[in-house]
Amino acid sequence: MEIRVLRYFLVVAREGSITGASKVLHISQPALSKQLKDLENELGTRLYVRTNYRIRLTEAGRLLRRRSEDILSLTDKTLDEFRTWNDLTGGDIRLGCAESCHIRFLTDALKAFRNDHPGLRIHITSGDTMLTTERLERGLLDFGIIVEPPDLSKYNYVKLPAADTWGLVMLSTDPLAKKEKVRFEDLCGIPLFASPQSIRADFPRWCGEGLDRLHFAGTVNLFYNGSVCVKSGLGCLLTFEYLADVSPESGLCFRPLDPPLRSQLYLIWKKYQVFSPIAELFLRSLSLDK
């Protein structure tokens, strides 16, 4: 398979038609159709079917789309690394980050590092631990920031000097808003939203087997979207402090959990990872005290 043809295939999949893709790619429709037909012959399977001037990916086509996205992301990352291999004034660093106000410790470090490396480019993907570690394993990220202890058999780490405090975001008119802190008993019987990761890894630390008594009306992986659910009256959101807008104008408020529940942040990278020169320099600029 040629990288160029995989790029063609991705554009076709995104545009939903060969005609539209040929315009984006600035190549003729017959030439594009032939490239795709050759790709199907090489793989020995149909990748798409035509339906009323559109195309629909087959199951094999959907698999190739996912694989192509990974292959091309890694290809682009590799090309960027080698283009800037001898240019230590810049280069690309790719990070996967959990949502946290304490990301500022990393961004402050990046800002100081960029003073000496003005050509630095930073690419951040937000996601939970599973998404971040999956992308690390596939070589698509240099570093990740997660909010649970890392697997020491796979990763090295730096502990960030802060932990996030959990609490409840609710409408300012909610009766619980009158409380300074929210206890487990206050949460029983009300519809709650939280991330799947927190339900699996964080709240069992806080309430143990009592987790079964909580009613999770839904899950969110981005806390901003969760705050919109709260504004719509769908329920309350369990989240980190400072992530949701709880200004007086927002109509929302935050109350910490009692007893407190906190999550530590870790900067992680794969063991025995070979970094690009710029990523290696950035790592050396950090404190490695664990």
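1. The chain exposes about 15700 Å², and carbon and sulfur atoms supply 51% of that area. These values belong to a predicted model, and they should be read with that in mind. Of the 290 residues of the chain, 46% count as buried. As for charge, the mean position of the 39 positive charges and that of the 36 negative charges are 5 Å apart.

2. On overall architecture, the chain holds ten helices and eleven strands, and its C-alpha atoms fill a box of roughly 70 × 50 × 40 Å along the principal axes. When contacts between residues at least 6 apart in sequence are considered, 73% of them join residues at least 24 apart.

3. Helix 4 covers residues 59-83, and at 1.5 Å a residue its 25 residues should span 36 Å, which agrees with the 36 Å that separates its end C-alpha atoms. The buried residues of helix 4 are Gly61, Leu64, Ser68, Leu72, Thr75, Lys77, Asp80 and Glu81, a list that includes the charged residues Lys77, Asp80 and Glu81. Their packing partners are helix 1 (3-15), helix 3 (29-43), strand 2 (54-57) and strand 3 (90-97).

4. Leaving aside residues up to four places away in sequence, Val220 touches Phe193, Ala194, Ser195, Pro196, Gly226 and Leu237.

5. A search of the whole structure finds eleven aromatic pairs. One of them joins Tyr157 and Tyr266 in an edge-to-face arrangement, with 5.7 Å from centre to centre and 75° between the planes. Because Tyr157 lies in strand 6 (residues 155-171) and Tyr266 in strand 11 (residues 262-270), the pair ties together parts that are 109 residues apart in sequence. Tyr157 and Tyr266 are both buried.

6. What is the geometry of the pair formed by the rings of Phe223 and Phe240? The ring centres of Phe223 and Phe240 are 5.8 Å apart and the planes lie at 55°, so the pair is tilted. Phe223 belongs to helix 9 and Phe240 to strand 9 (residues 236-240), and the pair thus links distant parts of the chain, 17 residues apart. Both Phe223 and Phe240 are buried. Elsewhere, ring pairs link Phe113, Phe143, Trp269, Phe275 and Phe282 into a cluster.

7. Some backbone details deserve a check by eye. The peptide bond that joins Asp258 and Pro259 is cis, with omega about 0°, and Pro259 lies in the loop between strand 10 (252-256) and strand 11.

8. Tyr242 is found in the loop between strand 9 and strand 10, and with a relative accessible area of 62% Tyr242 is exposed. Tyr272 lies in the loop between strand 11 and helix 10 (277-285), and Tyr272 is likewise exposed, with a relative accessible area of 78%.

Terms used. Residues are numbered from 1 along each chain as its sequence is written. This is a predicted model: local features need pLDDT of at least 70, side-chain atom pairs count only at pLDDT 80 or more; totals for chains, interfaces and linings use all residues. Side-chain values use heavy atoms; hydrogens and water are left out. Helices (H or I, at least four residues) and strands (E, at least two) are DSSP runs, numbered from the N terminus. The expected span of a helix is 1.5 Å times one less than its number of residues. Buried means under 20% relative accessible area, exposed over 50%, partly exposed in between (1.4 Å probe, protein chains only). Contact means heavy atoms within 4.5 Å. Accessible areas come from the Shrake-Rupley method with a 1.4 Å probe; for residues, only the protein chains shown count as cover. The place of a charge is taken as NZ of Lys, CZ of Arg, CG of Asp or CD of Glu. Rings of Phe, Tyr and Trp (its six-membered ring) pair if their centres lie within 6.5 Å; planes under 30 degrees apart count as stacked, over 60 as edge-to-face and the rest as tilted.
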